[in-house]
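Visitor: I have this one open on my screen. Can you walk me through it, starting with a single residue and then moving on to sheets and helices?

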Amino acid sequence: MEALTTAVSSVGLYFTTGIRWVFLLLAILILVRQIRSLLRAKNPSEIWAYLGCPDDSSVPLTHWENLMGRGRGCDIILNLKSVSRTHGLLIRDSKGVWKYKDLNSKNGSAINGMKVKGPTELKAGDILTIGGSDFTLYPVSLQERMSNIEKRKQRTHPVSPWPTLFAITLFQFFTVIQFRVSLGENFPAMLPVAFLLLCALMWAYVIFMRTFKRVGFEMEMIAFFLSTLSLAVTTSAYPDTVFKQAVCICLGVALFFGLCWLLRDLNRAKRLMYILMGLSIALLLANLVLGTIKYGAQNWISIGGFSFQPSELVKIVFIYIGAATLDELQQRKNLTIFLAFSVFCLGCLAIMGDFGTAIIFFVTFLIISFLRSGDFTKLILIVGAAGLMGMMVLRFKPYIATRFDTWGHVWDVPTEGGFQQVQTMTSAASGGLLGLGAGEGNLSDVAASSTDLVFGLLCEEWGLIVAILSVLCIITLGVFAVRAIIAGRSTYYSIAACGATSMFIFQTILNVFGSVDLLPLTGVTFPFVSSGGTSMIASWGMLAFLKAADTRQNASFAIRLDKKDEFENEMESRGPENPEDLFDAVGYEKGYEDGYWKSYEDSRQEYENSRQKRNSDYYDNDDEPLTLDDLFGGDKK
């Protein structure tokens with residue numbers, strides 16, 4: 001019997017030694033593919049209409065929201081003395097309706113001779129008078145709309161999700177086997193069920209979205225892989241809670257899907273703002289009254305054996321409230337509401353003693369405030385006031401001051417205040433590049449090893465390379481979001497994506513640097529990786545804001561697909577019924593092609609000369625015009 005036990009132990013040792021290389025190769029295959037695809041992705045600007053100017057030029061409108069005036073910060077700069085610095089707003093909604101709003105300008109505005117007193121619909125061909133000068137809104141032609149779609153497709157080359165899904169599935173399968181080897185009799189019965197649930201979820205998600213012709217799953221693949229690591233570190237530290245963690249991943253994906261659907265219609269999304277704000281206030285107040293203290297902070301609520309952190313869920317609402325469309329940014333009351341809500345959240349977190357989360361909220365507040373106002377002076381004053389508040393918190397919260405006392409010299413007190421960081425760095429060093437194997441580490445016995453110190457646990461059991469790749473994934477999400485907002489349709493999507501990105505990156509910095517004593521240990525989680533259901537749900541929820549900012553063709557289901565009936569409605573409302581009539585009806589005095597402005601006559605002549613060539617695009621073999629059904633439903637020739 002002893003010999004059999006020894007033999008099994010030897011087989012397990014050889015398996016663990018070999019499988020570490022398999023895990024490393026799979027992780028590199030999964031993450032490098034997604035990182036490379038996101039960094040190479042291009043979010044092309046879209047032209048939604050043209051604004052005909054008095055000097056016979058045409059300005060392409062590449063955003064849904066456009067500020068017009070003499071100011072340098074305007075989207076459409078009008079160098080006319082009769083025009084105010086911020087004269088008016090030209091805004092398109094998700095249904096394609098354009099509206100103009102005058103911003104209390106000195107000389108006012110008019111549409112077709114009628115003075116504009118509030119948000120007024122501006123139809124194609126209407127005359128918009130600003131400061132005595134006339135402008136005309138022209139729609140883009142059907143050809144140009146089709147061309148824009150083709151360009152987005154050409155510039156969108158996301159990696160296929162199927163090899164990545166297969167690789168993640170293999171990773172999950174071998175992880176379960178590795179835990180069976182390492183844990184032996186302590187192997188939790190619900191572990192295979194938890195991994196099977198996650199595996200089924202990610203396959204079902206991708207298959208479902210592919211049926212709607214969606215592409216570009218890099219963000220989700222990164223989140224699914226990091227969620228797999230979360231199940232692994234949860235098993236190492238708290239094996240009895242692994243199934244609950246898997247359920248929370250499912251809830252997070254459901255929230256992600258719901259938020260993306262909600263953000264498809266900004267009018268619908270904005271109607272929920274006050275409801276969500278009220279729920280957040282109620283949660284934080286309940287936390288103050290009913291909250292329990294863990295690790296020195298009163299940021300948990302326990303109900304029926306389940307505990308959650310309200311502050312994690314409020315993160316989503318904080319971004320939701322902070323984001324705003326361009327017309328809302330011009331209203332002082334919206335900035336006041338966001339400022340009051342921010343002060344309330346930070347005050348509650350300070351009373352709870354949740355210093356780490358308070359810092360994350362404050363940094364996000366600064367970023368959103370700058371995006372909303374562009375005023376550095378006010379931000380400097382806010383930072384100064386926050387510094388004084390931070391000193392008061394350190395004065396009245398001794399345990400937080402203790403963490404700062406040990407910062408930078410934890411090796412001087414390895415058994416007292418610096419115990420967690422010393423154990424983390426020791427365990428991380430012992431893991432090397434490949435790690436000791438899932439379930440083979442010792443850091444899992446230390447408190448908060450799978451939450452605040454999870455980077456050390458990753459290094460110990462999965463290796464330094466996998467741990468660094470996990471950090472690079474979060475950074476890549478941030479880089480992609482910043483690049484995507486340049487072509488953002490609305491300031492709402494841009495501000496929301498920047499807010500979510502700032503939370504992801506700054507939270508990761510605090511978690512990783514805090515665990516290795518480069519920063520004070522503030523007790524925040526690693527997005528998607530740390531164990532904890534509320535943190536997982538919040539991470540998936542914030543990912544929805546990044547997904548909504550993705551303008552690649554068919555890559556984000558937060559953006560509606562171009563549909564045939566949308567073109568039909570545009571054509572019915574504007575008169576022309578075929579592509580050639582659309583070209584004539586728009587009547588551009590100048591066209592834009594290959595980076596040069598061309599006169600209308602030149603454009604028209606080139607159109608006539610190339611008509612025969614374009615027959616293959618818009619006519620069938622019998623020289624009969626193709627219908628919209630042919631253009632959208634059939635094969636384009």
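**A walk through the model**

Guide: S494 lies in helix α18, residues 491-515. Helices (H or I, at least four residues) and strands (E, at least two) are DSSP runs, numbered from the N terminus. This is a predicted model, where local features need pLDDT of at least 70, side-chain atom pairs count only at pLDDT 80 or more, and totals for chains, interfaces and linings use all residues. Residues are numbered from 1 along each chain as its sequence is written, and side-chain values use heavy atoms, with hydrogens and water left out.

Visitor: Is S494 buried or exposed?

Guide: Buried, with a relative accessible area of 15%. Buried means under 20% relative accessible area, exposed over 50%, and partly exposed in between (1.4 Å probe, protein chains only).

Visitor: And which residues does S494 touch?

Guide: I485 and G488, leaving aside residues up to four places away in sequence. Contact means heavy atoms within 4.5 Å.

Visitor: Zoom out. How many helices and strands in the chain?

Guide: There are 24 helices and 16 strands. The chain has 637 residues, and 52% of them count as buried. Among contacts with a separation of 6 or more, 67% link residues 24 or more positions apart.

Visitor: Is C348 buried or exposed?

Guide: C348 is buried, at a relative accessible area of 4%. C199 counts as buried too, at 14% relative accessibility.

Visitor: On to sheets. What is the strand order in the five-strand one?

Guide: The order is β4-β3-β5-β6-β9, in an open sheet with mixed pairing. Two strands pair if DSSP finds at least two bridges between them.

Visitor: Why are β4 and β9 the edges?

Guide: β4 (76-77) and β9 (120-121) each have a single partner strand, so one side of each is left without a neighbour in the sheet.

Visitor: How do β3 and β4 run?

Guide: Parallel. Two bridges join strand β3, residues 65-69, to β4. M68 has I76 in β4 as its bridge partner.

Visitor: What about the three-strand sheet?

Guide: That sheet is open as well, with the order β12-β13-β14 and antiparallel pairing. β12 (292-294) and β14 (306-308) are the edge strands, each pairing on one side only. From one strand to the next, the twist averages 45°. That angle runs from 0 to 180 degrees between N-to-C directions, and axes are lines fitted to C-alpha atoms, for helices over the stretch in contact.

Visitor: Where does β13 sit, enclosed or open?

Guide: Largely enclosed by the rest of the structure, because five of its seven residues are buried.

Visitor: Which residue takes a positive phi in the hairpin of β10 and β11?

Guide: G131, near 60°. That hairpin has two residues between the strands. Four bridges join β10 to strand β11, residues 133-139, in an antiparallel run. T129 stands opposite D134 in β11.

Visitor: What else does β10 pair with?

Guide: Strand β7, residues 109-111, is joined by three bridges to β10, residues 127-130, and they run antiparallel. S109 stands opposite I130 in β10.

Visitor: Last topic, helix packing. How do α5 and α16 cross?

Guide: At roughly 90°, with the axes of α5 (residues 218-237) and α16 (residues 454-462) coming within 11 Å. That makes α5 roughly perpendicular to α16. Angles under 35 degrees count as roughly parallel, over 145 as roughly antiparallel, 65 to 115 as roughly perpendicular and the rest as oblique.

Visitor: Which residues meet there?

Guide: L229, A232, V233 and S236 in α5 meet V454, L457, L458, E461 and W462 in α16. They divide into seven nonpolar, one polar and one charged. Ala, Val, Leu, Ile, Met, Phe, Trp, Tyr, Cys and Pro count as nonpolar, Asp, Glu, Lys and Arg as charged, and the others, Gly among them, as polar.
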